[in-house]
Amino acid sequence: MALFQIAEPGESAAPHQHKLAVGIDLGTTNTLIATVRSGMAVVLNDEQGRPLLPSIVRYLPDGQTEVGYAAQPWQAKDPKNTVVSVKRFMGRGLKDIAHVESLPYDFVDEPGMVRVRTCAGVKSPVEISAEILKVAKARAEAHLGGELVGAVITVPAYFDDAQRQATKDAAKLAGINVLRLLNEPTAAAIAYGLDNAAEGIYAVYDLGGGTFDISILKLSKGVFEVLATGGDSALGGDDFDQRIFCWVLEQAQLPPLSHEDARLIMTRAREAKEFLTSHAEAPITVKLSSGATIDLTLDVATFAEITRNLVAKTLQAVRKALRDAGLRPDEVKGVVMVGGSTRVPQVQRAVAEFFRQEPLNNLDPDKVVALGAATQANLLVGNKTGGDDWLLLDVIPLSLGLETMGGLVEKVIPRNSTIPAARAQDFTTFKDGQTAMAIHVVQGERELVSDCRSLARFELRGIPPMVAGAARIRVTFQVDADGLLSVSAREQTTGVEAGVTVKPSYGLSDDEIAAMLKDSMSHAKDDAQRRALKEAQVEAQRMIEATQAALKEDAHLLNAEETARIEASIAKLQTLMLGDNRRQITLAMDDLGYETQEFAHRRMDQSVRRALAGRKVDDLNTEEGNQP
Amino acid sequence: MDLTTDFFSLFQLPRAFRIDLVELDARYRDLQAQVHPDRFAHAGEAERRLSMQWATRANEGYQTLKKPLERARYLLHLAGHDLQAESNTAMAPEFLMEQMEWREAVLEARGGGDHHELERLHHRLRQDLRGRYEELAILLDDRQDMEAATEQVRRLMFLEKLLLEIDDALASLEDKAMDN
């Protein structure tokens, strides 16, 4: 007699089919791609066996690009068209960018996000990042021998909504299905925690090329719970280079430099910094285009002195995060060091002094984020089977709020709220007969709107004229598991509604993305339509697989007629997706979505009941055990 | 059991102010383990949306029941006693006087950089709060005196805010000390 197979959600009862998924650490300096192979997370190397993909993109006049090591030698020779550290510009306006004057790019100050004018046209940071992600995707697919089902892309925990949305847009532009945006320190905690079966309070100190994050986590019984996070999304190794750069200029008393010379000195500054991780002093020799030569020696003590306030800034964020978590430094069991910049000796020393313990350096600080992301991607696509499972509870780094009277901010969702999170707030009209209301969404901790980041502005119109204070306008914030916000507003007495995905005000609208996609296609061999068709087919396949897996697990939730209708919708979609009519495929997908809506509800109810019932069985057992 | 189920039922806890926080933690985690969006990343769109709604509800419920003041407010809300915190500010004069004295003491200690005094105020206030929460438990769970409980909750809202102000003052002194 066949036994019933009981399947947990997330555990497929179907014959095991490995889905291709990767984790991508889209870093300021370097990008890494990792995947899980026979239960082990591994970094995927390029054809020359190199694990890193330098996050550098060079544009050529014909619109072609060079990415990574191919672009690297051009940063001094062709600085205007060779973009490094593009992550610093994601979701940022020109005024937000530090040291603009020392950067060689021809910036275009557009509302919302800054753009860079290259010989191949004006490029947004989203497009530039997409070039890096395309290469990452190609590397993954070459290794894995098939099309990717999806990727987990990491972002600094302290990235705000604009920066996260820009990252997701870049992935979309590169044709990647984003399974989740995962916070970098959280990814590191997964890699470290699973490797070491760690339990207790851990701090992850993540100093990357351009960003700093501190996350405080509680690890217990397969749950990774972020208690608080903090940081600075414009503080990283680049700033250490910048300090050395300024020191060189000061010491050598140089006249104004060409972009080429500046870039060259910056490169030597970075080399000196790296040299000082294992030497007492570093020689800095630069031959300038004028023929003059700079010849200096930087010692460790001077290096520590000129970067002292950078390190102090990180510790200030650490103290704040600990306070938010309600913890003292001595309650932290271990400090995991992540990011290449934690190799800097004065950073190691300062962290050790602050926590009064040696930080944990047993993981490669360059790779740990990508490895953790790969592990999470493997879980999210459903490759894990039974038992070997964990739950991740992450938070938003910055409070979300609304502008109220007098330019003040009313906080709606406070920082360090566990995501997904939602909150509704009621507002009213302040003038008789007022029929419209402007809604301004901001992010940040300060009290004045002008000190916070503006995320979106929209207007709720069509409020029926009433006396002041009579209308009830409910504004609802929803933050999803990627940390992305959507806002909707509704007048309660009449039901007038307005909704936005918080997006258009700083960056790219869906139309702009579509235009960019089309634009990038004109350089490629296949055309935009073919790609759109392909995407619809992939999406349809994904939908069919998800539905079939659900049917296999939970057919008992449906009666014969319902099952037959869903199966008919699947069959129809399967036939249509073989053809080339994209519209028909989309319509068939909508149909299947409609037919499975009720099924989804029942499955979710079952999950909730299971969570509660599991408890009851435990209680029952204990009670029985206690019987005399 | 649906998205409008009250938080006590959601976590299968008795509707009371005195609850077992360890139990709350465990049930919250059990529920998230089933409904969290990470469980449905490869599922269809309808399930992904439902999962987000359930996980959001679980987070909201957990935050509400975890903190005693929020829990009390929620209990009063379920019993039909909303606080009208802003419109109804009538408070006993002696309580308000006491509040002003507290605030002056905090301001003075902060201005003078008196870390020790702030710690002392913090400690005293925490003790005061503890006593008041014990009284609140009796009012809510034993006597079901919702009127008196509402009054107590409104005072606690003042005092919790004051505690945050002392925390802030301590934090800013600490930051100054560390940066020098």
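Let me start with Ser38(A), which is exposed at a relative accessible area of 80% (exposed is over 50%, buried under 20% and partly exposed in between, with a 1.4 Å probe and protein chains only). This is a predicted model, in which local features need pLDDT of at least 70 and side-chain atom pairs count only at pLDDT 80 or more, while totals for chains, interfaces and linings use all residues. Residues are numbered from 1 along each chain as its sequence is written, chains are lettered from A and ligands numbered from 1 in the order in which they are written, and side-chain values use heavy atoms, leaving out hydrogens and water.

Ser38(A) has a positive phi, near 35°, and sits in the loop between strand 2 (30-37) and strand 3 (40-43) of chain A, strands being DSSP runs of E of at least two residues, and helices runs of H or I of at least four, numbered from the N terminus. Ser85(A) also has a positive phi, near 50°, but Ser85(A) counts as buried, at 11% relative accessibility. Most residues other than glycine have a negative phi, and most peptide bonds are trans. The bond from Ile419(A) to Pro420(A), however, is cis.

Turning to the interface, 47 residues of chain A are in contact with 40 residues of chain B, contact meaning heavy atoms within 4.5 Å. Between these chains there are four salt bridges (a side-chain nitrogen of Lys or Arg within 4 Å of a carboxyl oxygen of Asp or Glu), and one joins the side chains of Asp389(A) and Arg39(B) at 3.7 Å, N to O. On the side of chain A that touches chain B, helix 14 (residues 582-626) gives the most, with 14 residues.
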